[in-house]
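Me: I have a protein structure open, and I would like to learn how to read it. Could you take me through it feature by feature?

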Amino acid sequence: MKHNKFAVIGVGRYGINIAKRLAEKGAQVFAFDPDEEKIESIKDEVAYAVTLDATDKKALKSQKLNDMDAVVVAIGENFEATILTCVHLMDLGVSRIIARASGVHQKLILEKIGINEILTPEDEVAFVVREKLINPSILSFLQLPDDYEIAEIVAPKGVLGRSIDHIEFRNQYELTLVTIKRAYCVTKNGEELKEQHVLGVPSSDTQIEEDDTLVVFGTSKNVQRFMDINEL
């Protein structure tokens with residue numbers, strides 16, 4: 001894997017999650033925040049963490065951020081600081097800037113100053129919550145353009161005991177089965193637990209079992225149709 005270098009400016013709850021996930025993937029992560037306590041909480045999990053006021057252009061310049069593959073501006077409540085930081089980063093020649101916005105007005109302002117990649121965590125969370133409330137069988141999903149999604153769904157009753165070949169995901173539902181997560185009983189510390197493991201690329205004669213989670217790709221409409229038909 002290529003060892004990418006990323007900077008995360010603002011390591012509140014949202015920024016710290018981004019930094020940790022990037023580090024888990026082997027990336028070199030540089031974390032910056034004016035709050036010393038937040039920097040202390042993440043310093044052991046990233047390559048470099050320093051207390052820094054990102055609205056200070058000289059301080060930003062000293063970090064050579066234009067050498068990064070991308071800089072994520074994940075500042076939370078202080079939107080003025082987000083704007084000023086983004087402007088400084090653009091002036092310093094940072095090629096890829098990803099910024100956080102709360103709501104459509106902040107997103108519009110960031111677009112106007114030239115930021116093309118914008119994170120809207122509140123909207124994303126609301127969308128996920130909405131879908132899970134409407135359909136509890138959807139465990140998680142990744143929304144894609146043009147109404148496509150990759151969804152993890154509880155295997156509906158109508159497909160239990162049937163083989164993948166017999167279900168005909170493509171022909172009957174215009175879906176692609178990506179993989180199956182299957183629950184296995186394991187013993188840990190003398191206690192019997194259930195753990196899910198990915199089956200990889202399942203063969204056509206693999207049968208769907210109770211407690212399986214199906215990972216499918218297709219339009220939201222077809223995912224819903226598959227669940228509706230097979231829950232009967």
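Reply: Gladly! Let's begin with one word: a residue is called buried when its relative accessible area is under 20%, and exposed when that value is over 50%, with partly exposed in between. Keep in mind that this is a predicted model.

Me: Let me try the word out. Is Ile164 buried or exposed?
Reply: Ile164 counts as buried, because its relative accessibility is 13%. You will find Ile164 in helix α7, residues 164-167. Leaving out residues up to four places away in sequence, Ile164 touches Phe169, Leu177, Ile180, Pro202, Ser203, Ser204, Thr206 and Ile208.

Me: And how far is Ile164 from Asn189?
Reply: Their C-alpha atoms are separated by 36 Å, and the two residues are 25 apart along the chain.

Me: Where do buried residues gather?
Reply: In soluble globular proteins, nonpolar side chains tend to be buried together. Here the largest nonpolar core has 25 residues, and the members that touch the most others are Ile9, Leu60, Leu65, Val71, Leu89 and Leu110. At least two core residues come from each of β1 (5-9), β2 (28-33), α3 (57-61), β4 (70-73), α4 (79-91) and β5 (97-100). The largest share, 4 residues, is supplied by α4. There is also a second, separate core of 19 residues, with Val159, Phe169, Leu177 and Val216 among them.

Me: Which residues does Ile9 contact?
Reply: Setting aside neighbours within four places in sequence, the contacts of Ile9 include Phe32, Ala54, Leu60, Leu65, Val71 and Leu89.

Me: Now the strands. How should I read β9 and β10?
Reply: Look at direction and at partners. Strand β9 (residues 176-188) and strand β10 (residues 191-198) run antiparallel and are joined by 8 bridges. As one example of facing residues, Val186 stands opposite Leu193 in β10. The two strands form a hairpin with 2 residues between them, and Asn189 in the turn has a positive phi of about 55 degrees.

Me: Which strands pair with β11?
Reply: One of them is β8, which runs antiparallel to β11 and is joined to it by 7 bridges. In that part of the sheet, Glu149 has Gly218 of β11 as its bridge partner. Another is β9, also antiparallel to β11, with 5 bridges. Here Thr179 stands opposite Val215 in β11.

Me: How many residues of β11 are buried?
Reply: The count is 6 of its 7 residues, so β11 is mostly covered under the cut-off of 20%. Phe217 lies in β11, residues 213-219. Phe217 is partly exposed, because its relative accessible area is 31%. Together with Leu142, Tyr148, Ile150 and Val178, Phe217 forms a nonpolar patch on the surface, with about 390 Å² of accessible area.

Me: What about charged residues?
Reply: Side chains of opposite charge can pair when their charged atoms come close. The count in this model comes to 9 salt bridges. In one of them, Glu24 pairs with Arg21, with the closest N and O atoms 2.8 Å apart. Both residues lie in helix α1 (residues 13-24), 3 residues apart, about one turn of the helix. Glu24 is exposed at 59% relative accessible area, whereas Arg21 is partly exposed at 41%.

Me: Which parts does the salt bridge of Glu152 and Lys181 tie together?
Reply: The side chains of these two residues meet at 2.9 Å, N to O. Glu152 is in strand β8 (residues 148-154) and Lys181 in strand β9, so the pair ties together parts that are 29 residues apart in sequence.

Me: Which residues form a network of salt bridges with Arg182?
Reply: Arg182 is linked with Glu209 and Asp212 in such a network. Between Glu209 and Arg182, the closest N and O atoms are 3.4 Å apart. Glu209 lies in the loop between β10 and β11 and Arg182 in strand β9, so this pair ties together parts 27 residues apart in sequence.

How values were computed: Residues numbered from 1 in each chain as written. Predicted model: local features only at pLDDT ≥ 70, side-chain atom pairs only at ≥ 80, totals over all residues. Heavy atoms only, no water. Core = buried A, V, L, I, M, F, W, Y, C linked by side-chain atoms within 4.5 Å. Buried < 20%, exposed > 50% of the residue type's maximum accessible area, 1.4 Å probe, protein only. Contact = heavy atoms within 4.5 Å. Pairing = 2+ DSSP bridges. Patch = residues over 30% accessible without salt bridge, like charges linked within 9 Å, V, L, I, M, F, W, Y side chains within 5 Å. Areas by Shrake-Rupley, 256 points an atom, 1.4 Å probe, with all protein chains shown as cover. Salt bridge = Lys/Arg side-chain N within 4 Å of Asp/Glu carboxyl O.
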